[in-house]
Amino acid sequence: MENRKEETIIRLEGLGKQFATANGTVTALDDINLDIRQGEVFGIIGLSGAGKSTLVRCINYLEVPTSGRVIFEGKNLSAMKEKEKRQARQSMGMIFQQFNLLAQRNVLQNVCFPMEIAKVNKADARKRAEELLKLVGLEDRMKAYPAQLSGGQKQRVAIARAMATNPKVLLCDEATSALDPNTTKSILQLLKKINKEMGITVIVITHEMAVIEAICDRVAIIDHSHIAEVGKVSEIFSGPKSDIGRQLILGDAAAQRATFGNSRQIRIIFDGRESSEPVLANMVLACKVPVNIMHADTRDIEGKAMGHMLLQLPEDEVDAGRIRNYLKTANVTFEEVR
Ligand SMILES: Nc1ncnc2c1ncn2[C@@H]1O[C@H](COP(=O)(O)OP(=O)(O)OP(=O)(O)O)[C@@H](O)[C@H]1O
Ligand SMILES: [Mg+2]
């Protein structure tokens with residue numbers, strides 16, 4: 001399964017999407033180039049209106065791009081014959097923030113629905129639906145109607161339904177945005193399990209960093225219809241290069257200045273040292289200077305410390321110099337702000 005992650009399953013080439021509206025043309029996507037690899041969990045993050053939903057909708061041709069190409073398993077979607085295109089689209093299951101279940105149908109019937117459309121015979125469809133409901137942990141709610149389920153349960157039904165046509169890719173547009181943190185966690189775990197055990201490529205759209213961090217291998221940050229940066233989650237989180245990446249990950253610098261005044265600060269960047277290593281405690285001991293932690297956003301990703309911490313530098317120039325020197329000799333990545 002490991003080396004399958006090297007193969008590209010979806011390639012976007014110069015993808016663009018414009019909408020004609022009463023107020024003129026809106027460019028939702030502009031020259032998007034992206035490779036999504038077989039078997040990975042790929043995150044797409046950005047602010048509201050950045051173009052995330054349009055991007056996933058173009059990937060499976062729910063929206064037809066105005067320019068560029070979507071290449072699925074080496075083949076250009078727009079050049080495919082209708083039947084082949086339908087098959088390719090069936091290979092991409094989709095789940096939404098609002099679940100989009102059919103209210104008049106029970107759980108089992110909801111999961112059978114895409115198989116009806118695909119003309120799978122009834123008995124086979126039912127058998128497959130039962131297996132999928134077991135996979136998502138709802139085997140005892142098959143006769144329930146959507147209105148009788150919690151949000152998390154509804155999303156589980158939607159996941160089972162998306163899996164009904166044996167997709168190779170699962171597209172998730174803000175799939176956990178309507179759920180509380182614990183339910184979010186359990187849905188993300190389910191997506192990860194589907195990815196790991198069935199080798200299904202998962203594309204996760206979100207505006208929440210925590211979602212990316214929880215399950216994604218790589219991430220693209222999208223901003224005003226463009227891709228601002230793309231890379232491994234651990235790399236982007238420890239050193240975002242784009243303005244929007246810094247804003248999303250490090251927080252809004254302007255907002256921080258407003259909160260903390262104009263004093264000199266140092267930002268320590270944790271980019272993967274052992275999370276058990278007490279950088280700050282060692283620094284305070286070595287420099288004999290107390291420091292103020294203004295803001296910290298660090299996390300433990302597989303035993304490595306990731307994130308950043310904002311410290312107020314002492315007014316005394318000698319003390320401040322000692323701290324800088326300590327950080328340099330200890331090989332701690334840092335930058336001075338203001
Ligand atoms: N059908 C449409 N007609 C006109 N404009 C549209 C249409 N769909 C999207 N847009 C515009 O395209 C831009 C991108 O929208 P999109 O829904 O892709 O953003 P998003 O990143 O998913 O935002 P959110 O986080 O709020 O869901 C926005 O300016 C939006 O108004
Ligand atoms: Mg959206």
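1. Pro 146 sits in the loop that joins α4 (122–135) to α5 (151–163). Helices here are DSSP runs of H or I with at least four residues, strands are E runs of at least two, and both are numbered from the N terminus. With a relative accessible area of 9%, Pro 146 is buried (buried means under 20% relative accessible area, exposed over 50%, and partly exposed in between, with a 1.4 Å probe and protein chains only). Across 45 residues of sequence, Pro 146 and Leu 101 come to 6.9 Å of each other, C-alpha to C-alpha.

2. Some ground rules before going on. This is a predicted model, in which local features need pLDDT of at least 70 and side-chain atom pairs count only at pLDDT 80 or more, while totals for chains, interfaces and linings use all residues. Residues are numbered from 1 along each chain as its sequence is written, chains are lettered from A and ligands numbered from 1 in the order in which they are written, and side-chain values use heavy atoms, with hydrogens and water left out.

3. Leu 179 is another loop residue, placed between β7 (169–173) and α6. Is Leu 179 buried or exposed? Leu 179 is buried, at a relative accessible area of 12%.

4. For the overall picture, the protein has twelve helices and 14 strands. Its C-alpha atoms fill a box of roughly 80 × 50 × 40 Å along the principal axes. Of its 338 residues, 48% count as buried.

5. Now to ligand 1. The residues around it include Phe 19, Thr 21, Val 26, Leu 47 and Lys 52 (a residue is near a molecule if one of its heavy atoms lies within 4 Å of it). By class, this shell has five nonpolar, six polar and one charged residues; Ala, Val, Leu, Ile, Met, Phe, Trp, Tyr, Cys and Pro count as nonpolar, Asp, Glu, Lys and Arg as charged, and the others, Gly among them, as polar. β1 (8–21), β2 (24–37) and α1 (52–59) each supply at least two shell residues, and α1 gives the most, with three.

6. Which polar atoms approach the oxygen atoms of ligand 1? An N or O atom in the side chain of Ser 48 is 2.5 Å from a ligand oxygen, a polar side-chain atom of Ser 53 lies 2.9 Å from one, and a polar backbone atom of Gly 51 is 3.0 Å from one. The protein covers 61% of the 640 Å² of accessible area that ligand 1 has on its own (Shrake-Rupley method, 1.4 Å probe).

7. The largest pocket holds about 760 Å³ of space. Of its 25 lining residues, the closest to the centre are Arg 89, Gln 90, Met 92, Pro 114 and Thr 165. A pocket, on a 1 Å grid over the protein atoms alone, is an open set of points with protein on both sides within 12 Å along at least five of seven lines; a cavity is a set where a 1.4 Å probe fits but cannot get out, and lining residues have an atom within 4 Å of a point. Grid points are joined across faces, edges and corners, and a volume is the space filled by probe spheres set on the points. α2 (82–90) provides the largest share of this lining, seven residues. The lining is made up of twelve nonpolar, six polar and seven charged residues.

8. The second largest pocket has about 550 Å³ of space. Cys 216, Asp 217, Arg 218, Lys 232 and Glu 302 are the closest to its centre among 21 lining residues. Which class deserves a look here? The lining has 14 charged residues, with six nonpolar and one polar. α7 gives the largest share, three residues.

9. Two cavities of 30 Å³ or more turn up in a search of the whole structure.

Key: A polar contact is a pair of N or O atoms within 3.5 Å; within protein, one must be able to donate a hydrogen and the other to accept it, and residues adjacent in sequence count only if both atoms are side-chain atoms.
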